[in-house]
Amino acid sequence: MREVLLSHDGPVGIYRVPDPVAEHLEAYCLEFSMHWIWETPEGARLLRTMGGQAVALYGAQDFIDYLNAWVFPQEPSFLVRELDWYDYELPEAYADFPRFNF
């Protein structure tokens, strides 16, 4: 398990995730947000209709829930702590963390 930084246009959270997720974070996040939500009955719970258009409303915790239920149920991911910074203002101490902003 490794720590990654996840955000969705708000303060960054440090999450502990399985090693493969940390090593390929962008690929897992894109699979979740571009395919799983739109192409599975389980992901459809995150879809809403606004102005006649389907939109997906989700954030970092939804991604963590997806990992825990569908991808790595044997290695649960979890929030370690929220930081007081946004993605674009992180201190140098977090420069080497894998990160993704939804």
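Trainee: Where is Ser77 found?
Mentor: In this predicted model, Ser77 is in the loop between α3 and β5 (78–86).

Trainee: Why is Ser77 called buried?
Mentor: Its relative accessibility is 5%, and buried means under 20%, so Ser77 counts as buried.

Trainee: Which residues is Ser77 in contact with, leaving aside its neighbours within four places in sequence?
Mentor: Ser77 is in contact with Met1, Arg16, Val17, Pro18, Ile64, Leu67 and Asn68. Val17 comes up again among the residues with the most contacts inside the largest nonpolar core.

Trainee: Which other residues have the most contacts inside that core?
Mentor: Leu6, Leu25, Phe32, Phe63 and Phe102 are listed with Val17, in a core of 20 residues. At least two residues of this core come from each of β1, β2, α1 (19–23), α2 (25–39) and α3 (60–71).

Trainee: What makes it a nonpolar core?
Mentor: The label requires buried residues of the listed nonpolar kinds, joined through side-chain atoms within 4.5 Å. In soluble globular proteins, nonpolar side chains tend to be buried together.

Trainee: What does Leu6 touch, not counting residues up to four places away in sequence?
Mentor: Its partners include Leu25, Phe63 and Phe102, which are also among the core residues with the most contacts. Leu6 touches Pro11, Val12, Gly13 and Tyr15 as well.

Trainee: Now to β4. Why is Ala54 called partly exposed?
Mentor: Ala54 has a relative accessible area of 47%. The exposed class needs over 50% and the buried class under 20%, so Ala54 is partly exposed. Ala54 is found in strand β4 (residues 53–56) and touches Trp38 and Arg48, not counting residues up to four places away in sequence.

Trainee: Ala56 is in strand β4 too. How do you know whether to call Ala56 buried or partly exposed?
Mentor: The value for Ala56 is 22%, and buried means under 20%, so Ala56 counts as partly exposed. Beyond its neighbours within four places in sequence, Ala56 is in contact with Ile37, Trp38, Leu46 and Leu47.

Trainee: What makes Asp9 exposed?
Mentor: Exposed means over 50%; Asp9 has a relative accessible area of 66%, so Asp9 is exposed. Asp9 lies in the loop between β1 (2–7) and β2 (11–17). Its phi is positive, at about 55°, although Asp9 is not a glycine.

Trainee: Stepping back, how many helices and strands does the protein chain have?
Mentor: The protein chain has 3 helices and 6 strands, in the pattern β-β-α-α-β-β-α-β-β along the sequence.

Conventions. Residues are numbered from 1 along each chain as its sequence is written. This is a predicted model: local features need pLDDT of at least 70, side-chain atom pairs count only at pLDDT 80 or more; totals for chains, interfaces and linings use all residues. Side-chain values use heavy atoms; hydrogens and water are left out. Helices (H or I, at least four residues) and strands (E, at least two) are DSSP runs, numbered from the N terminus. Buried means under 20% relative accessible area, exposed over 50%, partly exposed in between (1.4 Å probe, protein chains only). Contact means heavy atoms within 4.5 Å.
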